[in-house]
Amino acid sequence: MDSTTISSNGFTGNAGEVALLNSCHTTAKARILVVDDERINRQMISCIMEDLGHDVVPAASGEEALEVMKANEFDLVLLDFSMPGMDGFDVMDAMQDDVKLMDIPVIMVTASDESELIVRAFSQGASDYVVKPVDAAVAQVRITNQLNLRQAKLELWESQERYALAARGANDGLWDWNITSNELYVSPRWREMLGYSDSAPITVDKGWMDSIHTSDREKFERALRNHLDGYSKHFEMECRMKSSGGRFLWMQWRGMAVRDQDGVAHRFAGSLTDITENKTADPLTGLPNRVQFMDRLQRCIEVARRDLSKSFAVLFLDLDNFKLINDSYGHEVGDQYLKTIAARLIETTRRGESLVARLGGDEFTLTVEDIDSPQPALAVAKRVLRILSAPVRIENQEIYPGISMGISFAEFPDRSAEDVLREADTAMYEAKSSGGKCFKVFDPVMQQQARKRLNTENELRRSIENNEFIVFYQPLIDLKSGLMCGYESLVRWNHPERGVLSPFEFIDVAEETGLIIPIGNFVLEESCRQLMKWRNQSDAFDDIRCSVNLSRVQLHHFECVNWIESAIEKTGIDAASLTLEITESSILDRSGRPAETLERLGDLGLTIALDDFGTGYSSLSCLHELPIDVLKIDRSFVREMLTSSQSEAIVRVILTLADGLKLKVVAEGIEEETQHGFLKSLDCQVGQGYLYGKPMPARELFEFCHKRNSSTAT
């Protein structure tokens, strides 16, 4: 008896088995049917189950077991193999023929461990088995496993049923793309909207991408690529899709990528909504939308084809800095701003002879019809700029609109509506590239420039993958001591065919596409790493500061602070040694994300410098509302301060203002000794420019610092 112990339910076994038995309780109460023709077996197993808190119903035969099961619900059946009359195999056959009973887990109890019988039991639907005499611990573990498995299956069935009901009841089509295996699931509603049968094969390439209208596909693929690459938090897109019957429908896509721990997207899921009926009117402004506008444009073309004396023009408008306004003051203010712009646009048109439409976002279009020369359209464009330039006041906020506009004239009636709109869009981008607040008339040369921008974007994506960017460094000089006190990091593109390119060749495209984020993060981390390398090589760099430009796109991104903290942590640089340079235009809004981001960066101990001060949008109030530490005088003022009394006055005012606010000043663009001397006489602290050194590779700056600081010190 030393090797055995009596368990609390009367079963015998060794001490370890009994301890396991007493501790192996399921958390959920279950209803169990025990079927055995021997009374002692029924009683022993029933005692175990009852002791564990389960409800037990005994049955002495297969026939009785079936009657009891049909009248009651059970979570598990313990079934003896060998019984007179209907044995265990017969009971399982009957259970498989009854929909109500077929999913109940069955554990067979047998006096034989012959593999042939056990295999037969599993083939007929048994979930598990135990051998007589029953080992209490083993039996309990197997019973518990089956109860837990049944509970998990029930929860899964309920979840799947809820999902199926939701999918059937929703008006949206659902899709789920496994990027790793390239498998695509689409819901029945998705198929129904686009007219596909249940058996029609739908893949990412066939039925999805190839059904998107050719005019929308490039924009769709670009937005999709940006989202999968992590440049946008959510994916949302409106485009035309071709149904199986050949009709194009307007669809709204909404989705989000699922990413692994490294941020790589491995799954992409979301919904598809048919918005064709709503595409004839913009719900926010009440203006006609893209569908109605394109119909009107097509009619204009048909009229011009019939009567060559009648022409028309299309004006394409985009609101400058609308995203900044939307992010700064909130979507409600942004929506009201769009409504105001829409109302003003209507004032500029001739009733019945023009159509104003909102294509989406901050893009508006209008036609100028029945004209015989470009002059009426140009007059409308000038009137639009004048009327829209007046400030908009919303909820105590005064917003000064900026408009970029492109104009396309219908000189060739054989062109399509898409061609005319695309030309106006191209001209609008030319106006935006020129600084905005103006209009440009389409010229075929612009199409070449647009293609060049697209090629640049494609090359930029490739260059990021191939690590083609490098960092140059321009020294900052302490004007009082003459020592190098820091440097500004400036990105260069080491193009495999065109050589080293300055930012002027690519920075605008990088910001428009969001590619400035990986480029800017690379420059930040590389600059910090380089400073730590120099400090390990020479004591001359102990007090040298690193200045890095932070783009508007980076500053407005919700991950901005995390990126900077990561660079500091990876490189080990002291935050106090890092200066982030931002432009005035990037803090046009002094509330919302940029203001919060700057506050958090200030709390890290970083220095914030306001670049190109005096040329942007900021007011003096931002200097005490935001954590600005340094003002950088724009090179245009430095270049003309000795020949222009106005520029000289601006430089003096900036230095006086900075002194009163306890801010440091850096003067950019110093190229002559006279400029250096004048700024030094005004107590400007730091200078930067070709007089001291051009942007240079890391090795040259290292030598420059040693040479200048050692010669100046002696």
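1. Lys-432 is partly exposed, at a relative accessible area of 28%. Asp-318 counts as buried, at 9% relative accessibility.

2. The side chains of Lys-432 and Asp-318 meet in a salt bridge, 2.7 Å from N to O. The term means a side-chain nitrogen of Lys or Arg within 4 Å of a carboxyl oxygen of Asp or Glu. This pair links distant parts of the chain. Lys-432 sits in helix H13 (residues 417–433) and Asp-318 in strand S13 (residues 311–319), 114 residues apart. Helices (H or I, at least four residues) and strands (E, at least two) are DSSP runs, numbered from the N terminus.

3. A note on the source: this is a predicted model, where local features need pLDDT of at least 70 and side-chain atom pairs count only at pLDDT 80 or more, while totals for chains, interfaces and linings use all residues. Residues are numbered from 1 along each chain as its sequence is written, and side-chain values use heavy atoms, with hydrogens and water left out.

4. Now turn to Arg-222. Arg-222 is partly exposed, with a relative accessible area of 28%. Glu-218 forms a salt bridge with Arg-222, and their closest N and O atoms are 3.1 Å apart. Both residues lie in helix H8 (residues 214–228). They are four residues apart, about one turn of the helix. Glu-218 is partly exposed, at 44% relative accessibility.

5. Which residue in helix H14 pairs with Arg-222? Glu-457 forms this salt bridge, with the closest N and O atoms 3.5 Å apart. Helix H14 spans residues 444–465, and Glu-457 and Arg-222 are 235 residues apart. Glu-457 is buried, with a relative accessible area of 3%.

6. Shared partners build a network. Salt bridges join Glu-218, Arg-222, Asp-229, Glu-457 and Arg-461 into one network. A search of the whole structure finds 24 salt bridges.

7. Finally, the whole chain. The protein chain holds 24 helices and 28 strands. Of its 714 residues, 48% are buried. Take the contacts (heavy atoms within 4.5 Å) between residues at least 6 apart in sequence: 63% join residues at least 24 apart. The accessible surface comes to about 35,000 Å², and 48% of that belongs to carbon and sulfur atoms. Accessible areas come from the Shrake-Rupley method with a 1.4 Å probe; for residues, only the protein chains shown count as cover.

Key
Buried < 20%, exposed > 50% of the residue type's maximum accessible area, 1.4 Å probe, protein only.
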